[in-house]
Amino acid sequence: MAKPSQSSFVVKYDDNNQEFSIIGSMRPQDVSELEACTKLLETSLAGVRGTFYVNVKRLVRLNNIAFHVLAGSLVRACSERPDLRVAVITSSVVGWSTRKFGALNKVNPNIVVEEYDSEFYPGQSFLEEGEFIPILRTQTKMTWRHERNILPRHGMREGLTIADICCGIGDFAVLVYKEFKPARLVALDHSRSSLGYARKVAADFGIQGIEYIYGDAAEMLLEDEQFDFVTCRHALQIFNKPDLILKELFRICKPGGRVYVTNEKISQCLGEPRGESIQWTYDELSKLFAHFDMDLEFGPKSRKFMVEAGFDDVRMESFMVTNLDGDPQDFADIVKSWEELFAGGMSQQRGDSAEFVEKFRRGFQDHLFAALHPKGYAGWPVWVASGRKPA
Amino acid sequence: MTLAVHEAAAKAEFRPMLEVEMDIGVFVSNWTHCDRISSYLARMVSHNRTDSLLYSNLFSSALNELLETVFRSHAGEGRFRCHVSRAGSVDRVELTIPADDDRAAFYVETVRELHRPTVSDRYRKALFAQGPLDLRIGLYELAVDYGAVFSVEQPDSATVRLTADLALEDSEQ
């Protein structure tokens, strides 16, 4: 009999969704170690109608002994029941699984492999277009003026092990790297194009200490309790299930470490002159994001979410990025890009009328006017929250 | 006798990175050594790859299959050595394995098979074959799914040295 191995995996079956999930590392020495898994798989298969889902998105490691057993059960079931369809859900983040499980389809076409990826966050595709990159950089430049002073109040200091989750184009990570000299800095995002840009920027600046990695913030493969300080900026507000992201941020944070998030309450963007038009447009912008399952009003809700996620010592503050921070043209450039992206792209995709789009655009243009007006004031508020993972 | 089955990059180009060495008896005393060594080495060698986490996953998977093969296919006593070196995008894993004539023949013949066009078919058959798992499946997988380039040599009558060149940043595309 084989000695017990250190295979550390969890198998679950969700009857409602006909979904069999395997999570963790499955490297047994002998098939006998998989008896419970095999039994659950075969019992589950016996009771399903239509499509049976096998979720291996978080199956990080699998040896051939285990694959042989799983594949045998699935192929046998599909051979015996031609009405049965099996969908294996893999993740591109894992690297090997789509290719490995893809072999099943060659043996039985009723077994298909579907790779889970950014399609699960459809709204965000607006924010990952290449032309938006210069504006993201300008935004970070403007928020950094505030955050470089705010971060230490939330526990940031030199020499920490840091993760920047949903790092986007990675410019915040570069600034943190330069300012706070972390012992290790991992920056994760699920946009390959953004990561490609991030790596190029880091290389251009001769920075080699940032690990840019591809991953899904809701199901990260980073190990538990690795980081002293975890940042996640302007991201909870664009996920339809921010609690899942926070749960992951909590998981990878060391006990006693802190998680730092920033979010907006976009309806509180303001400006004068032409304040009324500006207010109307940003109220509508909030509704537009809600249409795409994104909550740009998330900022002040951060405290509630952090407490419910299990953090203590939750600290919160807000700051206002304004046209008076450096060059007003920077602020104007951001607003101009928002007009194009939101009134030009998202609003049209929602099917808004020409009259609506015209009025919607006007608010952005008035915000821009206020930003560049010699007596004008334009603001974009951001909420910061951080919480400590109990030791 | 040295049997070179592949023209790999010149040895001089590879810079040593890490090495694990132990008595083969110690290595095979616990199955979890395969998982632990592959996970540890993968993490150590991956940090400066383009995507460290993805690379680490792939490297760990590949190395674990190599180590599991050694675990099940060795003979006699002696030192087991796992040496990792790097030349640009290629990471080279050299496994020095105590082996008698039969075990040496197993590695030599399997590496020959890996260079034949039928290797993909053999891998698929092994994946879905009834009965016990084919001992060669891990090497097949590396050659087919990971694009690994293998060579094997016999430094002496009691040892086999199996070399796998892995270009994992290319294979993930």
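Student: What kind of contact do the side chains of Asp228(A) and Lys254(A) meet in?

Tutor: Side chains of opposite charge can pair when their charged atoms come close. Here Asp228(A) and Lys254(A) meet in a salt bridge at 3.2 Å, N to O; the term requires a side-chain nitrogen of Lys or Arg within 4 Å of a carboxyl oxygen of Asp or Glu. Asp228(A) belongs to strand 10 (residues 227–233) of chain A and Lys254(A) to strand 11 (residues 253–264) of chain A, so the pair ties together parts that are 26 residues apart in sequence. Helices (H or I, at least four residues) and strands (E, at least two) are DSSP runs, numbered from the N terminus.

Tutor: Before going on, note that this is a predicted model: local features need pLDDT of at least 70, side-chain atom pairs count only at pLDDT 80 or more, and totals for chains, interfaces and linings use all residues. Residues are numbered from 1 along each chain as its sequence is written, chains are lettered from A and ligands numbered from 1 in the order in which they are written, and side-chain values use heavy atoms, with hydrogens and water left out.

Student: How many residues apart are Lys336(A) and Glu339(A) in helix 10?

Tutor: They are 3 residues apart in helix 10 (residues 328–350) of chain A, which means a separation of about one helical turn. Lys336(A) is partly exposed at 38%, while Glu339(A) is buried at 2%.

Student: Which residues are linked in a network of salt bridges?

Tutor: Arg58(A), Asp224(A), Glu248(A) and Arg251(A) are linked in this way.

Student: How many residues of chain B are in contact with chain A?

Tutor: Contact means heavy atoms within 4.5 Å. By that rule, 37 residues of chain B touch 36 residues of chain A. The two chains bury about 3,100 Å² between them, with 49% of that on carbon and sulfur atoms; buried area is the accessible area (1.4 Å probe) that two parts lose on being put together, summed over both. On the chain B side, Leu53(B), Asn57(B) and Phe128(B) lose the most area to chain A, together 19% of what that side buries.

Student: How many residue pairs are in polar contact across the interface of chain B and chain A?

Tutor: A polar contact is a pair of N or O atoms within 3.5 Å; within protein, one must be able to donate a hydrogen and the other to accept it, and residues adjacent in sequence count only if both atoms are side-chain atoms. The interface has 4 salt bridges and 19 residue pairs in polar contact, both residues at pLDDT 80 or more. Helix 2 (32–46), helix 3 (52–72), helix 5 (119–128) and helix 6 (137–145) of chain B each supply at least two residues of the side that touches chain A. Helix 3 of chain B gives the largest share of that side, 12 residues.

Student: Which residue forms a salt bridge with Asp35(B)?

Tutor: Arg27(A) does, with the closest N and O atoms 2.7 Å apart. Over all chains the structure holds 45 salt bridges. The pair of Arg27(A) and Asp35(B) crosses between chains, from the loop between strand 2 (19–26) and helix 1 (35–46) of chain A to helix 2 of chain B. Arg27(A) is buried at 4%, and Asp35(B) is buried at 15%.

Student: Where is Thr138(A), and which residues does Thr138(A) touch?

Tutor: Thr138(A) sits in helix 4 (residues 133–150) of chain A and is buried, at 14% relative accessibility. Leaving out residues up to four places away in sequence, Thr138(A) touches Asp330(A) and Ile334(A).

Student: What should I look for in the backbone?

Tutor: Most residues other than glycine have a negative phi, and most peptide bonds are trans. In this model, the peptide bond from Glu272(A) to Pro273(A) is cis, with omega near 5 degrees. Pro273(A) is in the loop between strand 12 (270–272) and helix 8 (275–291) of chain A. Asp293(A), not a glycine, has a positive phi near 65 degrees and lies in the loop between helix 8 and helix 9 (302–308) of chain A. Asp313(A), also not a glycine, has a positive phi of about 45 degrees. Asp313(A) is in strand 13 (residues 312–322) of chain A and is partly exposed at 38%.

Note on methods: Buried < 20%, exposed > 50% of the residue type's maximum accessible area, 1.4 Å probe, protein only.
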